[in-house]
Amino acid sequence: MSGQTAQRESDSLAERIALEVERTIARSIKGVEYIASPAPAMGASPRELVLKDGTLNLYHYHPMSDEIYRVPVLMVMATTNKGYVLDLAPGQSLVEFLLRSGYDVYMIDWSPPRADEKRLRLADYTDRFIPDCVSLVRERSEQDEVSVLGYCMGGVLSSIYTASHPGDGVKNLICFTTPIDFSQMTLFQKWADRRFFDVDRLVDATGNVPSEMLFQGFQMLRPASQVAGQVNLWDNLWNEDYVKSYRMFDRWGMDMLPLAGEYFRDTTKKLMWENGLYHGTLEVGGRNVRLADITVPLLHVVAEHDHIVPRDASKPLIELVSSEDRQEVVLKGGHISVAAGANASKRMWPKLDAWLAERSV
Amino acid sequence: MPDKPPLDPFAAWRDMVAQWEKNVNQLANKSMASDEFSGSMNQLMNVMLKSQQGVSEAMVKYLATLNLPSRQDLLALGEQLGSIESQLNRIALLLERQNRHASPAVARKTPPRTKRPLPRTTPQQPS
């Protein structure tokens with residue numbers, strides 16, 4: 001090692017130590033603030049509840065643009081999670097981005113199902129809730145067509161609905177990280193193995209499947225990540241943006257919803273065990289659901305590092321539909337970061353806008 | 001020859017944490033993907049459900065002896081309230097629809113649906 005290089009390294013090390021000392025002081029101050037302050041408010045965009053039917057809530061967001069595209073957008077949230085992940089905070093909200101870009105945005109967001117809603121089946125979601133909402137959106141907007149955007153299981157429900165209700169006026173279908181080939185969700189498959197997993201017993205005993213049980217299932221996919229997340233949080237306590245973002249995602253991740261018992265039984269048997277959506281053998285409400293019956297323009301956004309819905313599980317959607325106008329976008333990021341947060345705002349949202357804008361007139 | 005990157009123990013520590021997380025997740029996923037793990041996990045769940053059911057049945061009898069409502073009774077009450085709430089929501093929706101048809105000017109608070117996409121060559125910007 002030359003003398004010059006050694007000098008540079010020693011200077012650099014001294015600078016790094018000085019920086020770490022500064023950060024340690026900042027960590028102590030911010031750490032107290034972190035513990036003392038309440039959780040950040042989320043779901044920031046102004047909205048109005050326009051339909052409530054038990055577990056179903058349909059919200060209409062107030063437009064933020066002087067003129068809007070002709071076709072309204074109906075977002076369908078995953079049944080296990082709350083919709084505020086797509087509306088985290090001003091500047092970090094997909095909903096806000098769409099509103100400012102000139103879209104008329106509605107969202108189906110779910111509440112914990114009531115005890116008597118344990119009887120809700122998959123068909124109640126795809127043949128009642130979504131059609132009711134599409135119909136109301138069409139009526140309120142005085143338009144015949146609606147773009148439907150589904151996130152994760154919301155994408156599954158939207159795909160089933162679009163395939164089985166061809167005359168309902170779906171103009172465009174957008175899916176985020178949507179599983180189709182459930183045999184490729186290897187760990188979930190293993191845990192729900194019908195030789196060991198007695199779904200009937202679980203649903204009969206619990207009614208609605210508790211959110212704690214679902215939360216544990218998701219946590220088990222990456223058991224070390226919670227500890228590593230805490231270590232990284234401590235490391236970045238000096239950084240206000242990091243802490244804010246961590247708290248929002250952490251709160252959302254833990255804020256899971258229970259699932260209606262019969263819906264859980266249906267999805268376990270028909271999707272996990274029989275893989276009916278992939279094989280084209282799925283029956284919902286007495287109708288055969290074939291993805292090949294989807295002919296509307298389709299955009300599927302998938303994440304390269306999705307640990308919940310692996311690439312192989314989401315890939316078949318684009319292959320199985322009959323739409324001439326179809327596009328799959330694979331982006332860097334994970335299951336959540338592909339749709340929400342700072343990276344999504346740079347990567348995915350502009351792509352979504354570019355695709356949707358020309359199909360919304 | 002390029003210089004070696006300067007020594008940074010803090011970056012090395014962060015790399016170590018990231019590597020630890022990756023290795024533990026990989027190892028755990030591998031062991032959790034076995035029949036043995038799935039079998040034991042579900043067996044444990046069945047035992048828990050059975051004991052929960054036992055406690056629940058005993059509790060119903062106990063509450064009945066004390067002449068107190070059980071969880072089932074409260075759920076039935078909740079179901080009735082839920083049904084009333086749903087009916088009210090339906091009535092509210094019908095009224096809103098009628099109101100909208102009666103005074104369309106009130107209904108059309110939304111901006112005009114005339115927006116067109118920007119030309120492809122121009123970078124897309126929120127308006």
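Me: What makes the crossing in which α6(A) passes α2(B) left-handed or right-handed?

Reply: α6(A) passes α2(B) in a left-handed crossing, a term used if the near helix is turned anticlockwise from the far one by less than a right angle, with right-handed kept for clockwise. The model is predicted, so local features need pLDDT of at least 70 and side-chain atom pairs count only at pLDDT 80 or more, while totals for chains, interfaces and linings use all residues. Residues are numbered from 1 along each chain as its sequence is written, and chains are lettered from A and ligands numbered from 1 in the order in which they are written.

Me: Why are α6(A) and α2(B) called roughly parallel to each other?

Reply: The axes of α6(A) and α2(B) (residues 35-65) come within 10 Å and cross at roughly 30 degrees, where axes are lines fitted to C-alpha atoms, for helices over the stretch in contact, and angles run from 0 to 180 degrees between N-to-C directions. Angles under 35 degrees count as roughly parallel, over 145 as roughly antiparallel, 65 to 115 as roughly perpendicular and the rest as oblique; the two helices are therefore roughly parallel.

Me: Which residues make the contact of α6(A) with α2(B)?

Reply: Arg201(A), Leu202(A) and Ala205(A) of α6(A) meet Asn46(B), Leu49(B), Gln52(B) and Gln53(B) of α2(B), contact being called when C-beta atoms, placed from the backbone, lie within 7 Å. By class, three are nonpolar, three polar and one charged; Ala, Val, Leu, Ile, Met, Phe, Trp, Tyr, Cys and Pro count as nonpolar, Asp, Glu, Lys and Arg as charged, and the others, Gly among them, as polar.

Me: How many residues does each chain bring to the contact as a whole?

Reply: Chain A brings 51 residues and chain B brings 40, and α1(A) gives the most to the side of chain A that touches chain B, with seven residues. That side has 22 nonpolar, eight polar and 21 charged residues.

Me: What secondary structure does chain B have, and how much of chain B counts as buried?

Reply: Chain B has four helices and zero strands, helices being DSSP runs of H or I with at least four residues and strands runs of E with at least two, numbered from the N terminus. Of its 127 residues, 2% count as buried, that is, with 20 or more other C-beta atoms within 10 Å of their own, C-beta atoms being placed from the backbone, whereas 12 or fewer would be exposed and values in between partly exposed.

Definitions and conventions:
Two residues are in contact if their C-beta atoms, placed from the backbone, lie within 7 Å.
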